[in-house]
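Hello,

Here is the structure I promised to pass on. My notes follow below it.

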Amino acid sequence: MKAARLALVLAASAGLAACQGDEINPSATSSMSAAEAQENLLTLAPGAALSASQQSQLASIRGRASTAEVHLARIAAAPGRMLGKGAAVRLAVAPGLNVVAVGERVQQRAAEDISWAGPVRGEHGWVQMVFMDGGVAATVTVGRTQYSIESLGDGLHAVSRIDQSGFPSEHTPDVPSGALNSSLDAAISGIREARSSGGDVGIAALTQINVLVAYTASAATAAGNIGSKIQLAVDETNQSYVNSGININMVRVHSVQVTYNEANRSFSQHVTALRSSTDGLMDNVHTLRNTYAADVVALVVNDSEACGQAAAIKATATTAFMAAHYTCITGYYSFGHEIGHLQGARHDRFVDGSTSPYAYGHGYIPPSKSWRTIMAYGNNCSNCTRIQWWSNPSKTYPGTGEVMGTTSYENNSRVLNETAATVAAFR
């Protein structure tokens, strides 16, 4: 990752002094500067009383196939004051297991609208968090184990260990490529070549791609705080760009609830309806797209048929549309995955041997088959963990030191860098 590694502490039960929590690395903790003094942002609250709506939301989270275990937790008073750059916060994710993170990437849009992220000390990992409307939405990654934090309201949160094998299918069986139009939709000119294969953030200027995110009422109800979920998806996508040397900054320019009902409709119908401006289903999205100059339009749905689908692989301005399931857009990176399709990226070669539009445009699974990049399926690695990186032969995965792609076939980072300027000019 491009930023300097700041102190984060992974803590586990070890019978240490209560004032330190259950930390396995007390010597590292004691050496932290006063500016990095840890504050408890989230503490477990197993006996908390729940309202009827909180019980319903918790039951929904527990009922997901992607939920391995769930614990109740309570956020600290005035959490926004803790989320500055360089601030260290402790997050309880399970009994006897705390993660302490120091803010490295912080964006404050308002007093209670903050994106905050930083790495984990003691083990490879990352905390990606959005504080909004008094609660947090976060993905906590420690090694290849992930936790999701979701607000239940009134300061209470559900902390879930994620089981990626429980997410819906990557894409629907009728559209295995992941896009309604998997061939080149039209000739696209004016593509800016990357300075090198993959490039490095900081060498080339960042290209801003604007995204408009629509969501259904069903997705909003199921997600709880849909606004923070959507912002977290955007933040996770941007962090994946930083990780992989991709010179893009994605900006959510507007979010809107649509009247579209996804029930009894397929993912292909979702994408077709989103793209259409004359079928009377979501026609207002096109006006909003022009108003907010959105290059790409995304629809978040509550449909477990699949994690997502794009309108095209290497889209034009008229096909830059995609839909994704609300659970998959964070922690599984389907939000970025589908936009990757729109930029010309394809799945790993085990499931997709096409060389159009780029022979080098595939996701990657290493020989160890212990992880896979954002565009790769789990078919050829026993559903190994999808990580927050794109294929790039000039990068190595910090968790294992393995190279993350090949020059000839697996370099999604190059694809995204080369098509960024074209997509950014759609509006």
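Two strands count as paired if DSSP finds at least two bridges between them. Helices (H or I, at least four residues) and strands (E, at least two) are DSSP runs, numbered from the N terminus. This is a predicted model: local features need pLDDT of at least 70, side-chain atom pairs count only at pLDDT 80 or more, and totals for chains, interfaces and linings use all residues. Residues are numbered from 1 along each chain as its sequence is written, and side-chain values use heavy atoms, with hydrogens and water left out.

Strand E7

E7 spans residues 113–119. It runs antiparallel to strand E8 (residues 125–132), joined by 7 bridges. Proline 119 stands opposite tryptophan 126 in E8. The two strands form a hairpin with 5 residues between them. In that turn, glycine 122 has a positive phi of about 90°.

E7 also pairs with strand E6 (residues 105–110), antiparallel, over 5 bridges. Here glutamine 107 has serine 115 of E7 as its bridge partner. This hairpin has 2 residues between its strands.

E7 is mostly covered: 7 of its 7 residues are buried (under 20% relative accessible area; exposed is over 50%, partly exposed in between; 1.4 Å probe, protein chains only). Both faces are covered. Asp113, Ser115, Ala117 and Pro119 lie on one side, and Ile114, Trp116 and Gly118 on the other.

Helix H2

The buried residues of H2 (residues 52–62) are Gln54, Gln57, Leu58 and Ile61. Seen down the helix axis, they fall within an arc of 100°, so they line one face of H2. The arc is that of the directions from the helix axis to the C-beta atoms. Their cover includes strands E3 (67–75), E10 (145–153) and E11 (156–162), and helix H3 (217–223).

Serine 268

Serine 268 is found in helix H5 (residues 267–275). It is buried, with a relative accessible area of 14%. Leaving out residues up to four places away in sequence, serine 268 touches Asp174, Val175, Leu180 and Gln309 (contact means heavy atoms within 4.5 Å).

Largest pocket

Which residues lie nearest the centre of the largest pocket? They are Arg105, Gln107, Asp235, Asn238 and Asn249, out of 24 lining residues. E6, E7, helix H4 (226–244) and strand E14 (248–257) each give two or more residues to the lining. H4 gives the most, with 7 residues. A pocket is an open set of points on a 1 Å grid over the protein atoms alone where a 1.4 Å probe fits, with protein on both sides within 12 Å along at least five of seven lines; lining residues have an atom within 4 Å of a point.

Best wishes
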